[in-house]
Amino acid sequence: MNPKIELLAPGGDVDAIKAAIIAGADAVYCGLDTFNARNRASNLSFEELVGVIRLAHEYQCQIFLTLNIVILEREFKSLSKLLTKLSNTTLDGVIVQDIGMFYILRKYFPTLDIHASTQLTTHNIGQIPFLKQLGASRVNLSRELNLNEITDMAATGHKHDVLTEVFVHGSLCVAFSGLCYSTSASVGNSGNRGRCSQACREEYETTPSGNNFPLNIKDNSAFFDLPALINAGVHSFKIEGRIKGASYVHTVVDSFRKQIDGFISTGELTQDGERLYKVFNRDFSNAFLRGDLNQSMFIENPRDNSKNHAIEASNAISIVQIHKVEQNLNLEKDQITASVFDKIKHLSIDKPTLRLVFSGEEGEPLTVTVTTQEASTLTSISQAMTNTFVLQSDESLTKNDKAPLDHATINKRFKSLDNAAYILTTLDTAQIADNVSMPFKALTLLKNEVARVLNSGQKVLPEVLLPTLERHAKLPPKKANTRANLSLLICDEVDVSLADVTDADIYFKLPDAYKRGCTKYVSFLLENPRLIPWFPSVLIGKDYDVALNILQQVKPALIVTNNTGIAYRAYELGIKWIAGPFLNTTNTYALLAMQEGFNCSGAFISNEINKQQISSIARPKNFKMLYSIYHPILLMASRQCFFQQSVGCEKPRIDNGCMLSCDKSTSITNLKGDSFAIDKQKAGYPSIYNQDQFLNTEIIDDLADLFDEFMIDLTNIGAGDKKSPDKAQLIGQFEQLLSSDSFKGNDISSVINHSLKTMVPQSTNIQYHNGL
């Protein structure tokens, strides 16, 4: 048993953070009003963050800041300014998704502790050392993992000195976090930028199985699984809920605090969990943790289910009985809210006051007496806490009748101490002798020493200016008369015959799932050395083991991987690898991180970003840049089954057989009339796709000088029952379009584009225009 288990609470605003602290959270994660993945939360100003850190540390509670979105190239200048400011606080950690942000944090801001966000979809043991090498000290594991998988991940974390976090309560995403593009594809509201529109909670037209909310799943709660998670070696129990209020946060944190403490002291679970139903919930499930993915995970009510639970628990049947239950519940909720705000009303994040009193005579050092005063919140009755310290200059004051040291000069040097951390109320220079002076350099050194002491003894770091990134030219295309190379992605063995009609690179997409000990793809790839293995985003447990065996047995010259666990092993084996499009690469620093840290030789640039955002990326030296110009638009992939709530399924739960053998397809339609294809390939995860294919030929004319390669996806995944265009003809059309003779607006280009739109009648490139 590990008695040092951490309880990590959400803090969407100041009151919620106060509630978490007073309820006994060991740490709180919160966000500023920029660079975080919960735009709908109230979030904090920088001054509020500084006050929150000070308050939390009084209660031995840590504060982690969420910077968990992908970063665009133009944002790094302002991001660097923010990170400099954060480096000059006592913040306990930053939570990060973007690989480029890992790079600049480790290189330029080494004092900030880095935590890997759940948006990185961390689900196999190979990803732990990858994130460790990027600089992560802890990793938030994917919510889809079961207890055995979590145990393996935690053990790997211990081996590499990386802490692991597991979400134990709150909303669940039906999709793999970091791999949901449900509204990004249409209006640019990307979950990777904190703008999730929760399409999974929307109402849809009634499905054949009779459901109106076919993607809506219950909330997660591992309230009764804490002993198993402790035994699994998990370090931190994380509660979701940064858009929830103070009463919710206090109730949940206090319940888990009592459950954890009770178990550690008695070896028994002492709480019944009923308080969790008094605040917002969609009912609860621990099915992911148990590895039992069944229909009971879904619920038709996407809103608060607390009233329904109260009615069921009371066996209320009549209208009078139901009304009475609702009245009582509303009263209880009001009492919870009033109680919480009564408990936190004395907690203050107000800035301490700062008094500076200067004194000195000729031939003596300049002395500054520094006094800070803040309100203590450790008791319900606020008590002023005063601290005083005295500092002296290194140099002595000298006689100077012409330019004496006056109040204005002192104020100019010391006014910067009136900042996010302190209110400078007094700057007294009356005790400085007349007609004395000191060099500005010495005065600045004294000011810096005052700032250091006020900054918990840490030297105040100057602003980091990121260097200008050099743009390197791409290598010449394979063909002299071609603007960029063409590549293909296939997944059917019969499509190997396409090698006869093109000399393009051919990527072979490996499955998400395998039979245990599967060696089929080892022999297949060895027999077809021209094929470049393409590894998927999600490889859990035995599926990762099999994929790893394929890599190690085949030892191809080059791979594409969307999974960082495979990337790390390829790096160890000295195999060249290209970062796939689902690694969400949006900036140069991500390219540098992968090239310098893991010998990555190229990367697909994210299809979520637009022309302007793409064009600002600077190619590293000897590094390929790739882009997919034709593919199905993935909206989300899930470990849960999408057919149970849409067309129905005779199997009550998903098992390995479902993953390997099911190949259904259907569609769902929202109340706006927009339809989405549900597609399940054999050995693939259930996925939802846009009805339109992504087809972007504009980028060839716009940015051919930036890219080495444009890829077309010929896998038929996501097509449902739609007829697929002739693949050989498609290849021919794209090869002509990449020809130097085919420029935008000329007759050849117009004919080819018209032909492509005829072959792919349902297509869009709106992401290329909207961006992030």
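Author: Two strands count as paired if DSSP finds at least two bridges between them; strands (E, at least two residues) and helices (H or I, at least four) are DSSP runs numbered from the N terminus. This is a predicted model, in which local features need pLDDT of at least 70 and side-chain atom pairs count only at pLDDT 80 or more, while totals for chains, interfaces and linings use all residues. Residues are numbered from 1 along each chain as its sequence is written, and side-chain values use heavy atoms, without hydrogens and water.

Reader: What makes strand E3 and strand E4 a pair?

Author: Strand E3 is joined to strand E4 (residues 93-96) by 4 bridges, and the two run parallel. Since at least two bridges are required, E3 and E4 qualify as paired. Within this pair, Leu65 stands opposite Val94 in E4.

Reader: Which sense does the pairing of E2 with E3 have?

Author: Strand E2 (residues 27-30) pairs with E3 in the parallel sense, again over 4 bridges. Ala27 stands opposite Gln62 in E3.

Reader: How many residues of E3 are buried?

Author: Of the 6 residues in E3 (residues 62-67), 5 are buried, and the strand is mostly covered. Buried means under 20% relative accessible area, exposed over 50%, partly exposed in between (1.4 Å probe, protein chains only).

Reader: Why is Asn315 called exposed?

Author: The relative accessible area of Asn315 is 61%; the threshold is over 50%, so the residue is exposed. Asn315 lies in the loop between helix H11 (306-313) and helix H12 (319-344). Asn315 and Thr697 are 382 residues apart in sequence and 61 Å apart in space, C-alpha to C-alpha.
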